[in-house]
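Subject: Structure handover

Hello,

Here is the structure for you to look over. My notes follow below it.

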Amino acid sequence: MAKHLLGIRHLNKDQIEHLLSLAADFKLRVIEDKPVPKLNKQVVGMLFFENSTRTRVSFEMAAHYLSMKSANFAAGNSSMSKGETLKDTILTLRYERLTGLVMRHRMSGAPTLASHHFGGPVVNAGDGQHEHPTQALGDALTIIERKGDLDGLRVAIVGDVEHSRVARSNAWLLSKMGAEVRFVGPKTLIPSLSAMLPASVYYDLATGIADADVIITLRLQKERMSEGMLSSVGEYASMYQVNKDTLRYAKPDCLVMHPGPLNRGIEVDDIAADGERSAINAQVENGVFVRMASLYWCFTNEETHVDMVTA
Amino acid sequence: MRTLLKNGRILDPSQELDRVSSLLIEDDQIVGFGNDVLDAQVDETYDCTGMWICPGLVDPHVHLREPGGEHKETIVTGTQAAAAGGYTTICCMPNTDPPLDSPALIDFILDRAASPEAGGVFVAPVGALTRGMRGEELSDLAALKRAGIVAASDEQFPIQNSKIMMQAMEFCVQLDLPIMAHCEDMNLTRGGSMHEGAVSAMLGMKGIPRSAEEIAIVRNCLLSLHTGCQLHVMRVSTWGAVEMIRQAKFLGAPVTCEICPMHFAFTDENIGEFDTRFKIQPPLRTQVDIDLLVQGLTDGTIDCIASDHSPHASHEVDVPFEEAPFGSAQLESAVGVTLTLLTHKGVLTPLETINKLSTKPAQILRLDAGTFRPGGTPVAQVCVIDPDCEWTFDRHKTFSKSKNTPFDGMRMKGKTMLTFSGSEIYRDALFGDERYSVG
């Protein structure tokens, strides 16, 4: 049975801790130029059915550090555009002897389907509005670096939770690690029944981020206005923008995070995004190391520590 | 040719009949039941001890897919599946390609259904309510009725414009033609693929709210009340839907409704990790809905059980959940599921069970079926069910072309053993040889 990383929802606390400690270890090794395990027999397919620059580059860097080969797959030019089903695309890649897949797809659950037909590991690089597990791992590593621990923290996830796979993966990870998770946003952008998601819901920004240790702001898609979910960008910004003024409701040392790409002036202002409390650049950097950890974890069968396998 | 069904529990809801007895079929007609038929000289005898002998089952809601969807199901395979399920009369839906909106297509369906290779069940076509099921202009409903449709429906493309629906109802009152309505406000369902609730929120999928179904039911019930048009609401799935229909009946609207087994067997949680076998329209709801749907079955608000047999080819369902079509094969599991989950749990008595699976749907759509009354059916229509037979549903042993069913591998109690439509059209492998004798 191949090991997959399809979502944080499916992991237990031990597995999350293991992935995070692997990532921290890899980070140290890369920065200090120490040996890193070589998975040079592995060829991983980068299947981005949905546009992505940052996540794809981040996975390619991670594969590069692990001495893996990567095969790029641009969905626009592929046989998918000639009417091939996802199943047949996956089977083709399987028998072209790719050993692993990193996959992004606009439909929730598509990597799960791929994992049924592909022999090797499948890593979810974002599926629809379901999960984005490596983003959540990168965010968690960033928080741990700044705060020491996740247990007992209050984390507010602000914005378009309904359409956010980042919000879901973060909620699962942080709650499993003992943090209090809050969803903050307008009623039209929060799932109407979030009972099976481990977070409490706040419609008012000041109450929602009160005494927060971490605020994760989410990108607001412009099409929410045309869909009638919001009146205007200006009204959204006036109610939910994380900025110099609204940050005073949170703890003085509250971290400001954002999965990117940012809409400066909409969900977050320059002072919050670029100030000393911002951890946005650290999130991007740590993304590479958690993706190394994810690939390594999927491609090695036992929960072994890096030290035991590096030469 | 004289056939004796011996010593079974005869259940005929049309005559409130529930007693252990025997039934004699001579040529293609039921000639009598009671103890006196035991003395008759017969050619073959089926020992039905411990089994139910009931009117052939009637399914108001089946998709035979032909013409246009022959890779999913054909009239031949679909009617064979129906016979194996215990059905002798089924209504086929008009959402074929092209839709059943012309008399020539109705002739085609009836010809195919009567062909010797078909399953031997009666097919009662439902015509498209509007031309091309586009919700704009009415079909030639008078001509369709003369061709043999028993009701009109736009199936999964329900008329959104209330004025057109009102005119359709007025015209159908004049024609004395029931309208079967799949109730959905499509502005509220667009892009949705499962029930809007805690599970859709967790899985990150766009939901279909209960109100999408209930708003359309309320509208259609009010139009039915005011026009007097007979309305049959297809596949109710929410507690609110049952409550709305209860109110409409209380107000005197000529409204009936059906439920399909999926909606009392499963909830949205069964979707698990994006299992497309559980994708149906309206979507699987929650346990609260099931509890109140079951109450609606008991108190009679829900009139009948329809299979909503919606076959698809395997390649069409092995896709991401949101891409998958709605529906699955149901004809050969409906009896097992209904007996297991309703009859054996005390929700329905055996007589009520057969009422909802046979007599009531026949009455609603005015079909010559669902009864043992002399002259009630053109030929003998009989179904023999072993209510205590425990078996495991195996999709590879079905007649339907579609092997897409969430009931695969499920233990069931209750199985169709024999189906007669004029003559024997189905005998189950589990009906023991020792129960059958010649002479």
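Helices (H or I, at least four residues) and strands (E, at least two) are DSSP runs, numbered from the N terminus. This is a predicted model, where local features need pLDDT of at least 70, side-chain atom pairs count only at pLDDT 80 or more, and totals for chains, interfaces and linings use all residues. Residues are numbered from 1 along each chain as its sequence is written, chains are lettered from A and ligands numbered from 1 in the order in which they are written, and side-chain values use heavy atoms, with hydrogens and water left out.

**B:Arg285**

B:Arg285 sits in the loop between α9 (261–265) and α10 (287–299) of chain B. The residue is buried, at 3% relative accessible area. Buried means under 20%, exposed over 50%, and partly exposed in between (1.4 Å probe, protein chains only). Its side chain makes a polar contact of 2.9 Å with the side chain of B:His195. A polar atom of the B:Arg285 side chain also lies 3.0 Å from the backbone oxygen of B:Ile208. A polar contact is a pair of N or O atoms within 3.5 Å; within protein, one must be able to donate a hydrogen and the other to accept it, and residues adjacent in sequence count only if both atoms are side-chain atoms. Setting aside residues up to four places away in sequence, B:Arg285 touches several others, among them B:Glu213, B:Thr238 and B:Asp268. Contact here means heavy atoms within 4.5 Å.

**Interface**

Chain A gives 22 residues to the contact and chain B gives 16. Together they bury about 1800 Å², 61% of it on carbon and sulfur atoms. That area is the accessible area (1.4 Å probe) that two parts lose on being put together, summed over both. Seven residue pairs are in polar contact between the chains (both at pLDDT 80 or more). Two salt bridges cross the interface of chain B and chain A. A salt bridge is a side-chain nitrogen of Lys or Arg within 4 Å of a carboxyl oxygen of Asp or Glu. A:Lys87 pairs with B:Asp318 in a salt bridge, with the closest N and O atoms 3.6 Å apart.

**Salt bridges**

Over all chains the count is 35. A:Lys147 and A:Asp253 form a salt bridge at 3.4 Å, N to O. A:Lys147 is in helix α5 (residues 133–147) of chain A and A:Asp253 in the loop between α9 (233–240) and β9 (255–257) of chain A, so the pair ties together parts 106 residues apart in sequence. A:Lys147 is partly exposed at 22%. A:Asp253 is partly exposed at 46%.

A:Arg182 meets A:Glu180 at 2.8 Å, N to O. A:Arg182 is buried at 6%, whereas A:Glu180 is partly exposed at 29%. A:Arg154, A:Glu180 and A:Arg182 are linked in a salt-bridge network.

In chain B, B:Asp428 and B:Lys415 form a salt bridge at 2.6 Å, N to O. Both residues of the pair B:Asp428 and B:Lys415 are buried.

**Cysteines**

How many disulfides are there over all chains? The count is zero, with a disulfide taken as a pair of cysteine sulfur atoms within 2.5 Å. The closest cysteine sulfur to that of B:Cys183 is in B:Cys221, 7.0 Å away, which is too far for a bond. B:Cys304 is in no disulfide either; the nearest cysteine sulfur, that of B:Cys257, is 7.3 Å away. B:Cys183 is buried at 5% relative accessibility, and B:Cys304 is buried at 0%.

Best wishes
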